[in-house]
Amino acid sequence: QVQLVESGGGLVQAGGSLRLSCLASGRTASSYAMGWFRQAPGKERDFVAAITASGGSTYYADSEKGRFTISRNSAKNTVYLQMTSLKPEDTAVYYCAAVNHIRTIFSSNWYQGPYDYWGQGTQVTVSS
């Protein structure tokens with residue numbers, strides 16, 4: 001079992017930056033690949049970024065490439081999403097998710113899901 005807790009959301013002006021954190025707890029948390037998703041009001045949940053268990057590979061949605069950076073600190077069992085040049089359309093609830101690293105071996109598009117565990121989400125609001 002893995003528990004995920006996001007933090008770092010808030011209100012920021014357009015052009016600003018935020019860093020989201022996702023703390024993973026559980027005996028095998030370090031063996032999970034991690035992803036960030038977001039869901040805006042009235043819209044489906046969308047993939048944002050993902051990182052393998054080793055941290056050696058990262059994946060991004062096309063709209064976030066160059067603006068967002070995913071990273072992880074295995075010693076702290078924490079995954080980060082650094083967001084820069086934020087836009088009002090980035091406003092959403094951001095969720096982190098975990099998937100067993102075995103799935104990353106057998107599927108080239110594992111980062112799209114499904115994931116095994118989800119956090120409760122953190123709200124990001126970007127004002128214009």
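Predicted model: local features only at pLDDT ≥ 70, side-chain atom pairs only at ≥ 80, totals over all residues.

Visitor: Is strand S5 largely enclosed or open?

Guide: Buried means under 20% relative accessible area. Strand S5 covers residues 45–51, and because 5 of its 7 residues are buried, the strand is largely enclosed by the rest of the structure.

Visitor: In which sense do S4 and S5 pair, and over how many bridges?

Guide: S4, residues 32–39, pairs with S5 in the antiparallel sense over 6 bridges. Within this pairing, Phe37 stands opposite Phe47 in S5. The hairpin of S4 and S5 has 5 residues between the strands, and Gly42 there takes a positive phi near 75°.

Visitor: How does S5 pair with S6?

Guide: S5 and S6 (residues 58–60) also pair in the antiparallel sense, over 3 bridges. Here Ile51 stands opposite Thr58 in S6. Between these strands lie 6 residues of the hairpin, in which Gly55 takes a positive phi near 80°.

Visitor: Which residues form the nonpolar patch on the surface?

Guide: The patch consists of Ile102, Ile105 and Phe106, which together have about 360 Å² of accessible area. Ile105 lies in helix H1, residues 101–106.

Visitor: Why is Ile105 classed as exposed?

Guide: Exposed means over 50% relative accessible area. Ile105 has a relative accessible area of 57%, and is therefore exposed.

Notes
Residues numbered from 1 in each chain as written. Heavy atoms only, no water. Patch = residues over 30% accessible without salt bridge, like charges linked within 9 Å, V, L, I, M, F, W, Y side chains within 5 Å. Areas by Shrake-Rupley, 256 points an atom, 1.4 Å probe, with all protein chains shown as cover. Salt bridge = Lys/Arg side-chain N within 4 Å of Asp/Glu carboxyl O. Helix = DSSP H or I, 4+ residues; strand = E, 2+ residues; numbered from the N terminus. Buried < 20%, exposed > 50% of the residue type's maximum accessible area, 1.4 Å probe, protein only. Pairing = 2+ DSSP bridges.
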